[in-house]
Amino acid sequence: MVSSAIDLLKKEIPLEQESVVLAEDAVNGLVLVDIINGFCTVGAGNLAPREPNRQISGMVEESARIARAFCEKKWPILAFLDSHQPNKPEEPYPPHCISGSHESNLVPALEWLEKEANVTMRRKDCFDGYLGSFQPDGSNVFVDWIKNNRIRSLLVVGICTDICVLDFVCSTMSARNLGFLSPLNDVVLYSQACATFDVPLHVATSTKAALAHPQELMHHIGLYMAKERGAIIANKISIGTAEEANTSIHLV
């Protein structure tokens, strides 16, 4: 039933994806959204997968590959880490990724990033990393990161495609359109390095306050909605010359 629904959805709202070349002589930024144990490591918490999940493990693997490529180029990376206070629930979800816990730390495949000089870590206590970057004085860590590094092209990866990733992309696109993120031009969402969670209908109906969340369906919807906001959806990412980048989707 779910498979046929997904096929129908993809026919009704087909998603065209791009092969994107990042210009090696430009400043490209990478944002990692919540690639932490509490969402990705089997059995790590209330919102972690209960068993190995191919979409999530593939996302982690691709994100690690991309992060290493960025570090080799010394390009800026910003990692958002979902971190909540015990007395501040994030409804409608159960307690998760409590600040200071193993859940709110990077997955083992990305722990090495903590020692890289080009990496900025930002713990957030809300879905949207853009909003979660505001400081008490009104400044914004993400906005300053874009401006200080003169980032023109932004690559976004992480989890969940249709929740924290989508919320961040939507806010970023609106801020860019309003001129808050100069010189940022392009926002690219890499589908192979994004993932969401899976709650089949039969599980949701037998679990108090749970909502059905078919993984493949919601992943597709999240990507589609990000494209509706103006993000570029890519199914392949590579690094090349400015000429090669210009013949892909004109990233500069």
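The model here is predicted, so local features need pLDDT of at least 70 and side-chain atom pairs pLDDT 80 or more, while totals for chains, interfaces and linings use all residues. Numbering runs from 1 along each chain as its sequence is written, and side-chain values use heavy atoms, leaving out hydrogens and water.

Now for the rings. Rings of Phe, Tyr and Trp (its six-membered ring) pair if their centres lie within 6.5 Å; planes under 30 degrees apart are stacked, over 60 edge-to-face, and the rest tilted. That rule gives seven aromatic pairs. One of them joins Phe70 and Trp75, edge-to-face with 5.0 Å centre to centre and 75 degrees between the planes, and both residues are buried.

Tyr93 and Phe127 are also edge-to-face, because their ring centres are 6.1 Å apart and their planes at 75 degrees. Tyr93 sits in the loop between β3 (77-82) and β4 (119-124), and Phe127 in the loop between β4 and α4 (141-149), so this pair ties together parts 34 residues apart in sequence. (Helices are DSSP runs of H or I, at least four residues, and strands are runs of E, at least two, numbered from the N terminus.) Tyr93 is partly exposed, at 25% relative accessible area; Phe127 is partly exposed too, with a value of 25%.

Elsewhere, ring pairs link Phe80, Tyr130, Phe134, Phe142, Trp145 and Phe168 into a cluster.

Technical notes
Buried < 20%, exposed > 50% of the residue type's maximum accessible area, 1.4 Å probe, protein only.
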